Amino acid sequence: MTGAERRASASLALVFALRMLGLFIVLPVFALEAARLPGGDDPARVGLAMGLYGLTQAFLQIPFGIASDRFGRKPTIVAGLLVFAAGSGIAAWAPDLTWLAAGRALQGAGAISAAVTAFLADVTRDTVRTKAMAIVGASIALMFALSLVLAPLLAGWVGLSGIFTLTALLALGGIAVVLWVAPPEPAVHRPSDMRQVRGGLRQVLGHAGLLRLNLGVFVLHAVQLAMWMALPALLVAAGLAKAEHWKIYLPAVAASLLVMGGVLFPMERRGRLRAAFLIAIGLLAAVQLGLWWVADAQPGLWTLGGLLFVFFIGFNTMEASQPSLVSRLAPEGARGAALGVYNTLQSVGFFVGGAVGGWLVRAHGPSGLFAACAVATLVWLVVAWPMKSPAAAPRH
């Protein structure tokens, strides 16, 4: 990568990281903290409030991508981050669950993922774009891991309102990065960009490999969000106060990153990407089956910690690798369409995970939630099984 490409990749990964930290940091404590608000005694409504972010984001991913083509990448990204910050402010102020849900919905309306991804594609060559996408994917995985450590500490210190105030400040920090750190965007977008978006969608929707990845990112984020409708309460029931949940999250995340970097990623470099993917999905399924098995038996901290360790191996592997793989499998001239669909399915997964997860907890308890998550991940494993490893990208 050239110096300009490294600068572009690092700065846009930082924009993604600041925004995703603002999203993820509420997940480990949302269900517990929202229960204190008027209306928070209904797990289904709490789950809906948590997941509304994904619904509004799903509807607006493509419009924001089109706006970035029409008005420029940087103005569109700045506008989206301002909307996200405004939603965070409403959520911080929210006197009840209804206003909290409204803030979450407005947060999601700042749907800049497609615009940021398009910006990154504008300023990197085809031969290094996979590496650039992997940097972004790794930053998202890192922010999720960091949020699990910070959230319980911040909840005990400043509460849910303070966490949402922090997310607003993170969004403003992202604006500063876009304006003063990210490289200039190309003065003129290629005339073929819009034709590629219109003509590539049919190719993308008929591409078996991309369809598997779209299902994968949907299930991954639906399960991720749904788990945290029940997991914090299990940790509390096991005797760990919510302000100390980081004592479980931090060792599990750190150990999982070591395993991911030392075992699964080297498998990818040796051309065994298919095996790495299937192993990661299998680990996610095994965790959900394990949580379903122990949910009604008051599991201890060692059991929950071990299951979380295995979950993070699978989650971080998929989160760091899937966006890169989408960019590699996308048909020629349809990369933008492929990434737009992928980001939309990711957002829908957030919504479904929160809304359906909350309903499942209310109707069937934690064991019902984890059983549904297990079924979803096993279906994903079956669908992913025929995948093939993509051809290696040229070295530069």
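Student: Which residues of α6 are buried?
Tutor: The buried residues of α6 are Ser 113, Ala 114, Ala 115, Val 116, Thr 117, Phe 119, Leu 120 and Ala 121. Buried means under 20% relative accessible area, exposed means over 50%, and partly exposed lies in between (1.4 Å probe, protein chains only).

Student: What am I looking at, and how are things counted?
Tutor: This is a predicted model, with residues numbered from 1 along each chain as its sequence is written. Local features need pLDDT of at least 70 and side-chain atom pairs count only at pLDDT 80 or more, while totals for chains, interfaces and linings use all residues; side-chain values use heavy atoms, without hydrogens or water.

Student: Back to α6. How many of the ten residues are buried?
Tutor: Eight of the ten, in a helix that covers residues 113–122. Helix α6 is therefore largely enclosed by the rest of the structure.

Student: How many helices and strands does the protein chain have?
Tutor: The protein chain has 14 helices and zero strands. Helices are DSSP runs of H or I with at least four residues, strands are runs of E with at least two, and numbering starts at the N terminus. Along the sequence the pattern is α-α-α-α-α-α-α-α-α-α-α-α-α-α.

Student: What share of the protein chain is buried?
Tutor: Buried residues account for 57% of the 396 residues.

Student: And what share of contacts join residues at least 24 apart?
Tutor: 86%, taken among contacts between residues at least 6 apart in sequence. A contact here means heavy atoms within 4.5 Å.

Student: At what angle does α4 pack with α6?
Tutor: About 155°, and the axes of α4 and α6 are 9 Å apart. That makes α4 roughly antiparallel to α6. The word applies to angles over 145 degrees; under 35 is roughly parallel, 65 to 115 roughly perpendicular and the rest oblique. Axes are lines fitted to C-alpha atoms, for helices over the stretch in contact, and angles run from 0 to 180 degrees between N-to-C directions.

Student: Which residues meet there?
Tutor: From α4, Arg 73, Lys 74, Thr 76 and Ile 77. They meet Ala 115, Val 116, Ala 118, Phe 119 and Asp 122 in α6.

Student: What about α3 and α4?
Tutor: Helix α3 (residues 43–71) packs with helix α4 (residues 73–93) at about 155°, and their axes are 8 Å apart. So α3 is roughly antiparallel to α4. On the α3 side the contact is made by Tyr 53, Phe 64, Gly 65, Ala 67, Ser 68, Asp 69 and Phe 71. Arg 73, Pro 75, Thr 76, Gly 80 and Phe 84 make it on the α4 side.

Student: Where is Ala 111?
Tutor: In the loop between α5 (97–109) and α6. Ala 111 is buried, with a relative accessible area of 0%. Setting aside neighbours within four places in sequence, Ala 111 is in contact with Arg 19, Gln 57, Leu 60, Gln 61 and Phe 64.

Student: How far is Ala 111 from Ile 77?
Tutor: Their C-alpha atoms are separated by 8.5 Å, and the two are 34 residues apart along the chain.

Student: New topic. Is Tyr 249 buried or exposed?
Tutor: Tyr 249 is buried, at 0% relative accessible area. Tyr 249 sits in helix α11 (residues 246–269). Its contacts beyond four places in sequence include Pro 28, Val 149, Leu 308 and Phe 312. Leu 148 is 101 residues from Tyr 249 in sequence but 6.0 Å away, C-alpha to C-alpha.

Student: What does the side chain of Tyr 249 make a polar contact with?
Tutor: With the side chain of Trp 228, at 3.2 Å. A polar contact is a pair of N or O atoms within 3.5 Å; within protein, one must be able to donate a hydrogen and the other to accept it, and residues adjacent in sequence count only if both atoms are side-chain atoms.

Student: And which side chain does Gln 346 join?
Tutor: That of His 221, through a polar contact of 3.2 Å. Gln 346 is found in helix α14 (residues 335–384) and is buried, at 8% relative accessible area. Beyond four places in sequence, Gln 346 is in contact with Val 217, His 221 and Glu 319.

Student: Where does Gln 322 lie?
Tutor: In helix α13. Gln 322 counts as buried at 1% relative accessibility. Among its contacts beyond four places in sequence are Leu 213, Val 217, Phe 277 and Trp 380.

Student: Last one: what is the phi of Gln 298?
Tutor: It is positive, about 50°, although Gln 298 is not a glycine. Most residues other than glycine have a negative phi. Gln 298 is in the loop between α12 (273–294) and α13 (301–329) and counts as exposed, at 69% relative accessibility.
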